[in-house]
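Please examine the sequence and the three-dimensional structure shown here. The report that accompanies them is arranged by topic.

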Amino acid sequence: MNELVPTTPPRLDPAPDLTAADWFAGLATAGVAGITEWWAAPAAVLLNMVTAPLLSRRRDAWYEELRLNLNDLNRRVAGLTPEALSNNEAFVSALAQATQSAMKTNSKDKEKLEALRNAVLNIALGNFPADDLQAIFLNLVDSFTTVHLQLLRLFCTPMPWIAIGSGVNDT
Amino acid sequence: MDLLSRGLIRDSRSIAARNPDSDESLVINEWPVSNLGKKFLDLVSNPPQLGGKQI
C-alpha cells in the first residue's frame, strides 16, 4: 500500500486571457441563445465576456494586495493567523463588503481602494470597536469619491487649506 | 454637502445662516470633522501596525 506523503501543491499559472476562439465561442453561444430571447440572452453573454476579464483582474489585484498586507501584519501582530481570521465574523463581513466595492472601483482610484484596504485591515486588527458602524462606514466608502475622502482629511487637518488661502490672498 | 448630510462634518454656522441657496459659506466657514467623522477617518486610515495614521 502506498504511503501518502504530504507535498507542497504546485504553484498554479494564472488563467489565460480571452483568445479569438473564446470570443468566437461566446458570439456563437449568444447567437444560439438569441433565437428565442433575442435581446436578453445575447446581452448577458456578451456583456459578461466584455466585463469578466477586467473584473477578474481587479479582484485578483485587490486580493493580492490584501494578502501581502495581512502577511506583513501577521509578522508584527501575534495571533493574526488565517485560522483566526476565518472565525472572525466582523472581518469576513467586511472583506465581502469591501471586495464588492473594490471590484466596482476603477483601479486608477488608488485613494478609494486604499481606504477600503485600510478598513479591512483595521477590522482584522480589531482597531474598530463599534461593530454596528462597520457596515455603514464601508457603505460610505463605497458611495464616496476620492474628492470626498480628500475633503474629509482636509477638514480634519485644515492647515494646508489655510496655506493655500493665504497664497491666493497674497497675489 | 454629502459629508454634512451624513454627519461626518459639523455645520458651525448659525441656524439663521444655513441658507441652502448659498454655497459661499462652504469656503469661508470652518467645517470641523465630527466625532463620527473622526471614527470614519480612523477606520480608513493606515493601521498603526503598518506605519500609523495617514491623515
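## Confidence in the model

This is a predicted model. For the complex, the predictor reports an ipTM of 0.73 and a pTM of 0.72. Chain A has an average pLDDT of 78, with 68% of its residues scoring at least 70. In chain B the mean pLDDT is 75, and 71% of the residues reach 70 or more.

Among the elements of chain B, the lowest mean pLDDT, 60, belongs to helix H2 (residues 25–28), and the highest, 90, to H3(B).

## Composition of the two chains

Chain A contains 8 helices and 0 strands, in the order α-α-α-α-α-α-α-α along the sequence. It has 171 residues, of which 18% count as buried. Among contacts in chain A with a separation of 6 or more, 61% are accounted for by residues 24 or more positions apart.

Chain B has 3 helices and 0 strands, and its elements run α-α-α from the N terminus on. Of its 55 residues, 22% are buried. Residues 24 or more positions apart account for 34% of the chain B contacts with a separation of 6 or more.

Helix H4 of chain A covers residues 89–104, 16 residues in all. From its first C-alpha to its last it reaches 23 Å, which is close to the 22 Å expected at 1.5 Å a residue. Its buried residues are A:Phe91, A:Ala94, A:Leu95, A:Gln97, A:Ala98 and A:Ala102.

Helix H6 of chain A spans residues 131–143, and its buried positions are A:Gln134, A:Phe137, A:Leu138, A:Leu140 and A:Val141. Viewed down the axis of H6(A), these buried residues fall within an arc of 155° and therefore line one face of the helix. The face turned away from this buried side carries the exposed residues A:Asp132, A:Ile136 and A:Ser143. The packing partners of the buried residues of H6(A) are H4 and helix H5 (110–125) of chain A, together with H3 of chain B.

## The largest nonpolar core

The largest nonpolar core comprises 32 residues. Those with the most contacts inside it are A:Ala94, A:Ala98, A:Leu116, A:Ala119, A:Val120 and A:Val141. At least two residues of this core are supplied by each of H4, H5, H6 and helix H7 (146–156) of chain A, and likewise by H3 of chain B. The largest share, 8 residues, comes from H5(A).

A:Val120 illustrates the contacts made by one of these residues. Leaving aside residues up to four places away in sequence, A:Val120 touches A:Leu66, A:Ala94, A:Leu95 and A:Ala98. Two of the residues it touches, A:Ala94 and A:Ala98, are buried residues of H4(A).

## The interface between chains A and B

The contact between the chains takes 24 residues from chain A and 20 residues from chain B. On the chain B side, the elements that give two or more residues are helix H1 (2–5) and helix H3 (35–44). H3(B) makes the largest contribution to that side, with 6 residues.

By residue class, the side of chain B that touches chain A divides into 13 nonpolar, 4 polar and 3 charged residues.

A:Arg67 lies in helix H2 (residues 40–76) of chain A. A:Arg67 is exposed because 11 other C-beta atoms lie within 10 Å, and a residue with 12 or fewer is classed as exposed. Between A:Arg67 and A:Leu154 there are 87 residues in sequence and 30 Å in space, C-alpha to C-alpha.

A:Pro82 is placed in helix H3 (residues 82–86) of chain A. This residue counts as exposed, since it has 10 C-beta neighbours inside 10 Å. A:Pro82 and A:Asn71 are 11 residues apart in sequence, and their C-alpha atoms are 9.4 Å apart in space.

Technical notes
Residues are numbered from 1 along each chain as its sequence is written. Chains are lettered from A and ligands numbered from 1 in the order in which they are written. This is a predicted model: local features need pLDDT of at least 70, side-chain atom pairs count only at pLDDT 80 or more; totals for chains, interfaces and linings use all residues. Helices (H or I, at least four residues) and strands (E, at least two) are DSSP runs, numbered from the N terminus. The expected span of a helix is 1.5 Å times one less than its number of residues. A residue is buried if 20 or more other C-beta atoms lie within 10 Å of its own, exposed if 12 or fewer, and partly exposed in between; C-beta atoms are placed from the backbone. Two residues are in contact if their C-beta atoms, placed from the backbone, lie within 7 Å. Ala, Val, Leu, Ile, Met, Phe, Trp, Tyr, Cys and Pro count as nonpolar, Asp, Glu, Lys and Arg as charged, and the others, Gly among them, as polar. pLDDT is the predictor's confidence in each residue, from 0 to 100. The arc is that of the directions from the helix axis to the C-beta atoms. A nonpolar core is a set of buried Ala, Val, Leu, Ile, Met, Phe, Trp, Tyr and Cys residues joined through C-beta atoms within 7 Å.
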